[in-house]
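Here is a short tour of some charged pairs and a surface patch. Please keep the viewer open as you read.

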Amino acid sequence: VKVIGKVVTELGFKVMPGDKVQLEDQTLRAEKKQYVVLNKPKGYITTTDDPQERQTVLDLVKDACRERIYPVGRLDRNTTGVLLLTNDGEMATRLTHPRHRVKKVYHVNLDKNLTKADMKAIAEGITLDDGPVRVDAIAWVGDGEDHKEVGVELHSGRNRIVRRIFEPLGYDVIKLDRVMFAGITKKDVPRGKWRHLTQAEVNILKRI
């Protein structure tokens, strides 16, 4: 291996951006960074491969680019909506780290009407077995006539967090759809389809 024409044998040698790196006289080139938003359908898992051979989100984006991209965070198999995929590991780490408090918005369908008292309890904070959790906002969807449909905004990335918020109060989540993640929405992206992020959207994510 050569870096800027010099043979390197030291383990963990740091390469700077712009350095010419060669392997057996062939110049290595950095992968182009790719950023894709998928409107995830129900029934797909967000792991990169599955021993049970279930369908994964990578099956849906296999034609998006030549580079291998990975999901940013997770969505349950039965949860639908906005899922980002990228090969930019640094950005993915920032978007999933609790310190950055990345905003997520969900459309929740419950098995029964959410009472005003329970909505207030959720807004004030619920204690789960792995600690307290507070939503940033909660409201009935639309004109508020159907109290089974609720919008929830939060920044927690804990596993199954939206479903678990409602469970202690006796509600089952029938449908869960993520409508926004870090400012990215699924607008104009049909279920099961994807699109590349615009440069403006990528710039916004890089500022997080």
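## Arg195 and Glu201

Arg195 and Glu201 are joined through their side chains by a salt bridge, with 2.8 Å from N to O. The term stands for a side-chain nitrogen of Lys or Arg within 4 Å of a carboxyl oxygen of Asp or Glu. Glu201 is buried, with a relative accessibility of 16%, while Arg195 is partly exposed at 23%. Here buried means under 20% relative accessible area, exposed means over 50%, and partly exposed lies in between (1.4 Å probe, protein chains only).

## About the model

You are looking at a predicted model, in which local features need pLDDT of at least 70 and side-chain atom pairs count only at pLDDT 80 or more, while totals for chains, interfaces and linings use all residues. Residues are numbered from 1 along each chain as its sequence is written, and side-chain values use heavy atoms, with hydrogens and water left out.

The salt-bridge count comes to 10. One of these pairs is Asp129 with Arg164, whose side chains meet at 3.1 Å, N to O. The two residues lie 35 residues apart and link distant parts of the chain: Asp129 sits in the loop between β9 (126-128) and β10 (131-133), and Arg164 belongs to helix α4 (residues 161-166). Helices (H or I, at least four residues) and strands (E, at least two) are DSSP runs, numbered from the N terminus.

Which end of this pair is buried and which is exposed? Asp129 is exposed at 77% relative accessibility, whereas Arg164 is buried at 13%.

## A pair within one helix

Glu90 and Arg94 also form a salt bridge, and their closest N and O atoms are 3.6 Å apart. Both residues are in helix α2 (residues 89-96), and because they are 4 residues apart there, about one helical turn separates them. Glu90 is exposed, with 59% relative accessibility, but Arg94 is buried at 17%.

## A nonpolar surface patch

Val1, Leu23 and Leu28 make up a nonpolar patch on the surface, and together they have about 270 Å² of accessible area. Patch members have over 30% relative accessible area and no salt bridge; like charges are joined within 9 Å, and nonpolar side chains (Val, Leu, Ile, Met, Phe, Trp, Tyr) within 5 Å. The areas come from the Shrake-Rupley method with a 1.4 Å probe, and for residues only the protein chains shown count as cover.

Leu23 is found in strand β3 (residues 21-23). This leucine is partly exposed, with a relative accessible area of 44%.
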